[in-house]
Amino acid sequence: MSTSIIIADDHPLILKGLNDFLLEKQFNVIASAKNGKEALTLINAHKPDIAILDIQMPMLTGLEVAEKCKTFNLDTKIIIITFEKSQDIYNKAKSLGIYGYILKEFAIAEIENCIASVLQETSYFSPELIEYLEIKETPDELKTLTDSEMKVFKLIAENKTAKEIASVLFISDRTVEKHKSNIRTKLKLESKANSIVLYAKEHEEFLSKYT
């Protein structure tokens, strides 16, 4: 018996393109939906093997549908498609046991491989996404810094002087220097004055997201 699939996307062209492609490849697409609520109703009614869901849909997002499927103990395996390369979405997808995460620009190229992996109980995440997120992952050594040290480090990346950092954080110049010394030790940096600045610049993208 062929694999039963439901697809859901609120963009008619993407929905039609995906539907036509899967039918052409002789997959058993049993229904399609234009919003999350409709998708959940179809999953409940048909109990398909796989549901391919857009993340951003009206009424319920793809992740909310996946969450409800998990709550209802439905066996349907969820594949989400999105334009977003997001660590938060990736983490949420992992926590919900979502089997596939495909970037929309590669959906047609990757969907067959994704379905094949899912049917073998193996998760599939777009290689482009994994590559992107690995670049953005927090370096392990930065995880050793305290909250106060991270705040100082972020301001160093913004080219603030010790005096300016002290003023922004309402601490003494001496405390700033102590934090800088701790940061150098934890990150195993040389004691040269600019070593900490160079490291901060290298990891500026991560630090800019730190609040």
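**A parallel sheet and its helices**

Strand 1 (residues 4–8) runs parallel to strand 3 (residues 50–54), and four bridges join the two. Within this pair, I7 stands opposite I52 of strand 3. The model is a predicted one.

Six strands make up an open sheet with parallel pairing, in the order 2-1-3-4-5-6. Strand 2 (28–33) and strand 6 (124–125) stand at the edges. Each has a single partner strand, so one side of each is left without a neighbour in the sheet. In general, strands of a sheet pair through backbone hydrogen bonds, either parallel or antiparallel.

Next come the helices that meet the sheet. Helix 2 (residues 36–46) lies across strand 1, strand 2 and strand 3. Its direction is at about 145° to strand 2. Helix 5 (residues 107–119) also packs on the sheet. Helix 5 touches strand 1, strand 3, strand 4 (77–82), strand 5 (100–103) and strand 6. The direction of helix 5 makes about 175° with that of strand 5.

Return to strand 3, which holds D54. This aspartate has a relative accessible area of 3%, so D54 counts as buried, the cut-off being under 20%. What surrounds D54, once its neighbours within four places in sequence are left aside? D54 is in contact with A8, D9, D10 and H11, with T61 and G62, and with I81 and K104.

The largest nonpolar core has 30 residues. L53, I78, I80, I98 and Y101 are those with the most contacts inside this core. A second, separate core has 19 residues, including F21, I79, I102 and Y124. Take Y101 as an example, not counting residues up to four places away in sequence.

Helix 10 (residues 195–202) has its own buried set: S195, I196, Y199 and A200. Why do these residues sit on the same side of helix 10? They cover an arc of only 130° around the axis, and that puts them on the same side. The general rule is that an α-helix has 3.6 residues a turn, so residues three or four places apart point the same way.

Q26 is in the loop between helix 1 (12–24) and strand 2. Phi of Q26 is near 65°, a positive value in a residue other than glycine. Is Q26 buried or exposed? Its relative accessibility is 68%, so Q26 counts as exposed. K188 lies in the loop between helix 9 (173–186) and helix 10. K188 is not a glycine either, yet its phi is positive, at about 55°. With a relative accessible area of 75%, K188 is exposed.

Last, the cysteines. How many disulfides does the structure hold? The count is zero. C69 is in no disulfide, and the nearest cysteine sulfur, that of C114, is 16 Å away. The cut-off for a disulfide is a sulfur pair within 2.5 Å. C69 is buried, with a relative accessible area of 2%. C114 is likewise in no disulfide, its nearest cysteine sulfur being that of C69. C114 counts as buried at 0% relative accessibility.

Methods
Residues are numbered from 1 along each chain as its sequence is written. This is a predicted model: local features need pLDDT of at least 70, side-chain atom pairs count only at pLDDT 80 or more; totals for chains, interfaces and linings use all residues. Side-chain values use heavy atoms; hydrogens and water are left out. Two strands pair if DSSP finds at least two bridges between them. Contact means heavy atoms within 4.5 Å. Axes are lines fitted to C-alpha atoms, for helices over the stretch in contact, and angles run from 0 to 180 degrees between N-to-C directions. Buried means under 20% relative accessible area, exposed over 50%, partly exposed in between (1.4 Å probe, protein chains only). The arc is that of the directions from the helix axis to the C-beta atoms. A nonpolar core is a set of buried Ala, Val, Leu, Ile, Met, Phe, Trp, Tyr and Cys residues joined through side-chain atoms within 4.5 Å.
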